[in-house]
Amino acid sequence: MDLLYKLANALFKIKGDKQLRIVFITLMCISVVLVFTSTSVLAWQKQNGNLSYYPFRHIFYLALSWICTSLISRLDPKIFNRFAMFLCIIGIALSFLTFVCGVSINGSTRWIKLGAVQFQPSEIAKITLIFFVAKVLSIHKSNPGKAFWPIVIATILIIVPIITQNLSTAVLIVTTVTAMVIIGSIPMKYLITSAVAVCGLVSVIVFVVPEQYQPERLKTWKGRVFRFADSDSSGDSDKNYQAMQAKLAVAHSGFLGTGPGRSYVKNFLPMAYSDFVYSTILEECGIWGGLGVIVLFLWMLYRVIRIAQRCDSAFEIYLILGLAIILCLQAFINMAVGVGLIPVTGQTLPLISMGGTSNVIVGVVMGVIFSISSHNMPKEKQVTSTQKQEVSSEFSNDDVDDDREE
């Protein structure tokens with residue numbers, strides 16, 4: 001029994017910030033309910049009406065995500081520093097492997113299939129790059145300018161294979177890396193020069209290169225942006241079907257929503273359980289439910305910033321902030337798409353949307369965050385424990401003195 005208890009404790013008990021654990025558990029609970037209520041149409045179409053198939057599949061991946069979080073939270077953050085370069089090499093290799101022999105689904109080649117297992121390497125690559133950027137910034141913290149070119153080269157190697165099939169992920173990666181180098185105090189002249197060069201290159205590809213030579217996914221993105229900008233096509237169900245259905249879901253929301261499982265638009269909204277899950281949240285849980293999810297991600301970011309303030313290692317500061325930025329930025333992109341603020345992307349809502357690779361990777365990310373948190377406990381608690389030891393030793397000394405007097 002003692003062995004079973006230790007095993008269960010190792011697999012399911014997460015070490016680290018208590019408030020972050022509450023946010024983590026709350027988001028997972030919301031996810032289970034939403035996937036159960038939003039996959040009914042998909043179950044009728046692909047699983048012969050087996051409504052429990054997708055919820056149980058999702059719970060399995062969430063459990064796997066939880067175990068990854070629990071195990072990684074027990075590691076020493078120095079291990080991440082030691083293997084950061086190696087992880088980035090793996091991320092680059094997976095990106096190019098997807099480009100060469102990836103599996104195409106829904107018109108884009110983003111997956112690698114190994115037997116019955118299918119996963120998205122871009123989810124792994126974008127996290128490994130953050131490890132590398134944190135490592136390089138910490139090495140050159142006394143002279144941040146030297147970190148610029150290694151970061152640029154690694155970022156290019158990661159995003160070039162991704163950008164042709166998943167532009168939104170490439171933009172997410174570049175934005176996160178930019179935020180990290182700003183935090184790392186890299187001179188602004190490097191950033192401005194890079195921004196001008198990227199804007200020029202994009203302009204040439206979009207407006208100068210003939211359309212027949214442009215990647216198919218670029219044409220898809222151009223169409224989405226132009227439809228989003230064209231107010232006359234916003235109501236055209238053929239041209240902008242997903243965005244229109246998402247807006248209908250938001251319109252049905254009200255303050256309290258229709259209630260869990262009572263969404264009407266989910267029957268017509270593609271990807272109501274992943275890319276447009278925030279629209280489902282708004283329709284079923286109302287404005288208060290939508291605001292609640294926003295508050296949870298903002299609270300996560302706030303707690304990570306507080307943890308970073310307690311870190312003594314520059315690597316740990318850059319790493320935990322980079323991981324939190326990419327998680328929260330992806331969440332806000334998904335929510336902005338759900339309410340029609342930006343064009344349609346393929347970004348899921350972390351810890352809520354249904355998914356396999358994405359949820360497991362988020363579990364790994366949270367495990368790293370909890371690991372850094374548990375090894376940088378608040379100084380108040382450390383002082384308190386020290387004081388307790390001093391008080392106990394004083395009492396023991398007093399007892400000895402009393403015995404001697406007697």
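Biologist: Does T176 count as buried or exposed?

Modeller: This is a predicted model, in which local features need pLDDT of at least 70 and side-chain atom pairs count only at pLDDT 80 or more, while totals for chains, interfaces and linings use all residues. Residues are numbered from 1 along each chain as its sequence is written, and side-chain values use heavy atoms, with hydrogens and water left out. T176 is found in helix 9, where helices are DSSP runs of H or I with at least four residues, numbered from the N terminus. Because its relative accessibility is 1%, and buried means under 20% relative accessible area while exposed means over 50%, with partly exposed in between (1.4 Å probe, protein chains only), T176 counts as buried.

Biologist: Which residues is T176 in contact with, leaving aside its neighbours within four places in sequence?

Modeller: Contact means heavy atoms within 4.5 Å. With the neighbours within four places in sequence left aside, the contacts of T176 are I130, G322, I325, I326 and L329.

Biologist: How far apart in space are F370 and K18, C-alpha to C-alpha?

Modeller: F370 is found in helix 15, residues 357–374, and because its relative accessibility is 0%, F370 counts as buried. Beyond the neighbours within four places in sequence, F370 is in contact with residues including I14, D17, L20 and F24. F370 and K18 are 352 residues apart in sequence, yet from C-alpha to C-alpha their separation in space is 9.5 Å.

Biologist: How many residues of helix 7 are buried?

Modeller: Helix 7 runs over residues 121–139 and reaches 27 Å from its first C-alpha to its last, close to the 27 Å expected at 1.5 Å a residue, the expected span being 1.5 Å times one less than the number of residues. Helix 7 is mostly covered, and of its 19 residues the number buried is 17.

How values were computed: Helices (H or I, at least four residues) and strands (E, at least two) are DSSP runs, numbered from the N terminus.
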